[in-house]
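Hi there,

Here is the structure I promised to pass on. Have a look at it first, and my notes follow below.

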Amino acid sequence: RDPTTHGPIMDSLARSANVDWEDSDSDDDSKDGPVVQRDDSIPSLLEGYLTKKGGRLFYVNWKKRWFILQGSKLYYYRDEDHTDRALGVIDLANASVDESTSGKAHAFDIVTPRRRYQIFGESSKDRNAWVEAIKGALWSMRRPAPAPSSSSGKGKGSKERNNFDVRYDYDGNTW
């Protein structure tokens with residue numbers, strides 16, 4: 001029997017439970033899964049250990065993983081010494097950070113269109129640092145692009161004052 005197939009009963013159960021076989025964290029992922037490479041030219045925003053819920057349909061486990069937040073992606077690795085091949089990546093482009101549904105201390109959830117990732121840190125300080133960093137990454141992706149200014153510095157939404165280009169936010173405050 002092909003080890004990559006789960007059989008008709010398990011596949012039927014997985015469909016009814018809305019489980020995606022390829023979107024789990026198990027030891028098999030590191031052997032057969034695609035190599036996920038980070039772009040080393042983009043600086044990481046935060047790195048550290050978190051514990052993530054993973055596993056398959058009837059076998060659920062919590063595994064400590066090394067996470068790296070880089071741009072709009074959250075990569076996770078077996079540990080900090082094996083960052084050449086990610087076990088997985090969470091695309092934050094359409095994600096949100098929610099209160100945890102796991103019941104674990106220092107936990108939070110990352111919700112994407114495909115999955116709810118349940119994660120916890122070792123302390124509330126760790127949890128808060130990760131939640132703030134992820135929310136900051138989400139905010140940077142979703143903020144409107146700055147309006148282009150004309151070559152004279154007198155573009156729409158700006159006024160020249162004492163040789164400085166003064167810009168106004170949506171409420172009319174200067175910055």
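Two residues count as being in contact when they have heavy atoms within 4.5 Å of each other. By that rule, and not counting residues up to four places away in sequence, E80 touches Y49 and W66. Please keep in mind that this is a predicted model.

Is E80 buried, exposed or partly exposed? Its relative accessibility is 43%, so E80 counts as partly exposed, since that class lies between the 20% and 50% cut-offs. The C-alpha atom of E80 is 9.0 Å from that of E47, although the two are 33 residues apart along the chain.

Now the overall layout. The chain has three helices and nine strands, in the order α-α-β-β-β-β-β-β-β-α-β-β. Of its 175 residues, 35% are buried.

The largest nonpolar core holds 20 residues, and those touching the most other members are L69, L74, L92, F108, I110, W130 and I134. Two or more residues each come from β2 (60–70), β3 (73–77), β6 (107–111), β7 (116–120) and α3 (124–142). The top contributor is α3, with six residues. There is also a second, separate core of six residues, including V36, I68, Y77 and A86.

Best wishes

Notes:
Residues numbered from 1 in each chain as written. Predicted model: local features only at pLDDT ≥ 70, side-chain atom pairs only at ≥ 80, totals over all residues. Heavy atoms only, no water. Core = buried A, V, L, I, M, F, W, Y, C linked by side-chain atoms within 4.5 Å. Buried < 20%, exposed > 50% of the residue type's maximum accessible area, 1.4 Å probe, protein only. Helix = DSSP H or I, 4+ residues; strand = E, 2+ residues; numbered from the N terminus.
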